[in-house]
Structure formats: structure tokens, C-alpha cells
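Look over the model, then work through the answers.

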Amino acid sequence: MFDDIAGSYDLMNRLMTFGQDQQWRKFVVETARVRSGGRVLDLACGTGDIAGLFHETLIDAQVVGEDFSNIMLAEAKRRFPDTEISWQVCDANHLPYSDNSFDAVTFGYLLRNVDDSAHVLGEVRRVLKPG
């Protein structure tokens, strides 16, 4: 499904949320409180809005944007071509990272699209650094 809607995904989110999705993303980045040089994982990154905002806000942070849809990631790469964001194909049920790897793990609409949100949140907690 996500491969089919990648080109219109951003417009659909803007319409469905009456534009509030942009404010939500800013809130996510601000409340994550990632320090200079930090490491951020944005799961189910879609077309890259949150990862892109982290990159703009924290130029020296290492930002990883992950999604299970290759076409969504292609759209993210197209939208943010001159960044050092690492775009990766990933299943949030099985994150390919060591424990305590990231200062922040973010996502926008991930939990509405998974079968076992408790398991996914366990994976999020596993890769987050303490504190």
C-alpha cells in the first residue's frame, strides 16, 4: 500500500490533519532534546519529514531514517538529496542495531501500521540509550 501512495503521501497527511502534521513534527524534534553530535533513528520515516527536520535542526547529529518501503525511501532521498541522512530499509519489529545505540528514536505514524505495537516499542526501548 505504501509503495502505491508514496507520491501523494505528504499531501494526504496535510489534508487528513488539516496541516497539523507539520506542527507535530516540530514538536517531536523539539521534545527529543538531542544534544550536539547525537544519534537519531526515525522509524517508519515515510518521505523523510522528521529525519529531514532533525538534520536541519541538528546539523552535526547522525540521523538515520528507516522505512520498510523502498519507494517511500526513494521519495525521501529525492526530497532531501544533499543531506547526510542515512536512509535504510528496515522492519521495526526487528531493528538491526545494538542495544543502547541511539539518543532518540522517533516516529510519526508507525504504531497505527504495526500488528504488535508492544513488541515494536520493546525494540525502540532496546536501541535507546538510557536516559
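Two strands count as paired if DSSP finds at least two bridges between them. The model is predicted.

Q: In what order do the four strands form the open sheet?
A: The chain has six helices and four strands. The pairing in the sheet is parallel. The order is β3-β2-β1-β4.

Q: Which strands stand at the edges?
A: An edge strand here has a single partner, so one side of it is left without a neighbour in the sheet. From one strand to the next, the twist averages 20 degrees. The edge strands are β3 (86-89) and β4 (104-107).

Q: What angle does the direction of helix α4 make with that of β2?
A: Helix α4 spans residues 49-57 and packs on the sheet. It touches β1, β2, β3 and β4. Its direction and that of β2 make about 175 degrees.

Q: Which strands does helix α5 lie across?
A: Helix α5 takes in residues 70-79. It runs at about 170 degrees to β3. The strands it lies across are β2 and β3.

Q: What percentage of the residues of the chain count as buried?
A: Buried means under 20% relative accessible area. The chain has 131 residues and exposes about 7,500 Å². The buried share of the residues is 44%.

How values were computed
Residues are numbered from 1 along each chain as its sequence is written. This is a predicted model: local features need pLDDT of at least 70, side-chain atom pairs count only at pLDDT 80 or more; totals for chains, interfaces and linings use all residues. Side-chain values use heavy atoms; hydrogens and water are left out. Helices (H or I, at least four residues) and strands (E, at least two) are DSSP runs, numbered from the N terminus. Buried means under 20% relative accessible area, exposed over 50%, partly exposed in between (1.4 Å probe, protein chains only). Accessible areas come from the Shrake-Rupley method with a 1.4 Å probe; for residues, only the protein chains shown count as cover. Axes are lines fitted to C-alpha atoms, for helices over the stretch in contact, and angles run from 0 to 180 degrees between N-to-C directions. Contact means heavy atoms within 4.5 Å.
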